[in-house]
Amino acid sequence: MKKITAFLKHEFLKMLPPTIYFFVVLHIILFARNLLAQEWGVSSTSSAFATIGALIIGKSILIVDALPLFKRLGRKRLIYDLAARTVLYLVIALLLQFLEELIPLIVRHGDLSGATEHIKSEIEWSKFWVSHILMGLFLVFYTLITGVSQVIGYDIVLGTLLNPAPEKPASHKENR
């Protein structure tokens, strides 16, 4: 029982940082979409979708990171690993965003065939693509930060971000 608890704790702690990051990201995207639609309020259902989406993306990142392909890519140059992860994360995000648009259509029209007939006219494609572009930018930032942190070390990155900045050497100070 202790092994199972330790495993679940380990997985939860690994999933927590991307989930928190994408919780914030999805709420930023939700806000941007509402601005595009000139809807100034954030509904609780939209916020719930963003929260559920953050949990799904957080778990998806763990699954992607566990794929054998990325263990082999980890031995290559960092840029290949980051590019492959970003592309796979973007595909997953695109599928999730499309499902987010498709599910209400299925509910409204009764089945998948009815929903697909109305998909072109009822989805606001400009909002959809703006959301995906924003998600892409945040995913690139996420993979870059996590990739560099793995190479340099999380402790060094956190220490650099949280500690006071070192003073500049005398040669860089302005002469007054």
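Tutor: Start with R85. R85 counts as buried, because its relative accessibility is 11% and the cut-off for buried is under 20%. Keep in mind that this is a predicted model.
Student: Which residue forms a salt bridge with R85?
Tutor: D81 does. The closest N and O atoms of D81 and R85 are 3.0 Å apart.
Student: Is D81 buried or exposed?
Tutor: Buried. D81 has a relative accessibility of 4%.
Student: How are D81 and R85 placed in helix α4?
Tutor: They sit four residues apart there, so about one helical turn separates them.
Student: How many salt bridges does the structure hold?
Tutor: One.
Student: OK, new topic. What does α4 look like next to α6?
Tutor: Helix α4 covers residues 78–109. It packs with α6 at an angle of about 145 degrees, and the axes are 9 Å apart.
Student: Is that crossing of α4 and α6 left-handed or right-handed?
Tutor: Right-handed. The contact of α4 with α6 has 17 nonpolar residues, seven polar and two charged.
Student: And aromatics? How many aromatic pairs are there?
Tutor: Four. One of them is F22 with Y142: the ring centres are 5.3 Å apart and the planes are at 55 degrees, so the pair is tilted.
Student: Which helices do F22 and Y142 lie in?
Tutor: F22 is in α1, residues 2–36, and Y142 is in α6, residues 125–152. So the pair ties together parts 120 residues apart in sequence.
Student: Are those two buried or exposed?
Tutor: F22 is buried, at 0% relative accessibility. Y142 is buried too, at 11%.
Student: Which residues form the aromatic cluster?
Tutor: Y21, F22, Y89 and Y142.

Notes:
Residues numbered from 1 in each chain as written. Predicted model: local features only at pLDDT ≥ 70, side-chain atom pairs only at ≥ 80, totals over all residues. Heavy atoms only, no water. Phe/Tyr/Trp six-rings, centres within 6.5 Å; stacked < 30°, edge-to-face > 60°. Helix = DSSP H or I, 4+ residues; strand = E, 2+ residues; numbered from the N terminus. Buried < 20%, exposed > 50% of the residue type's maximum accessible area, 1.4 Å probe, protein only. Axes fitted to C-alpha atoms, helices over the stretch in contact; angles between N-to-C directions. Left-handed = near helix turned anticlockwise from the far one by under 90°. Nonpolar A, V, L, I, M, F, W, Y, C, P; charged D, E, K, R; others polar. Salt bridge = Lys/Arg side-chain N within 4 Å of Asp/Glu carboxyl O.
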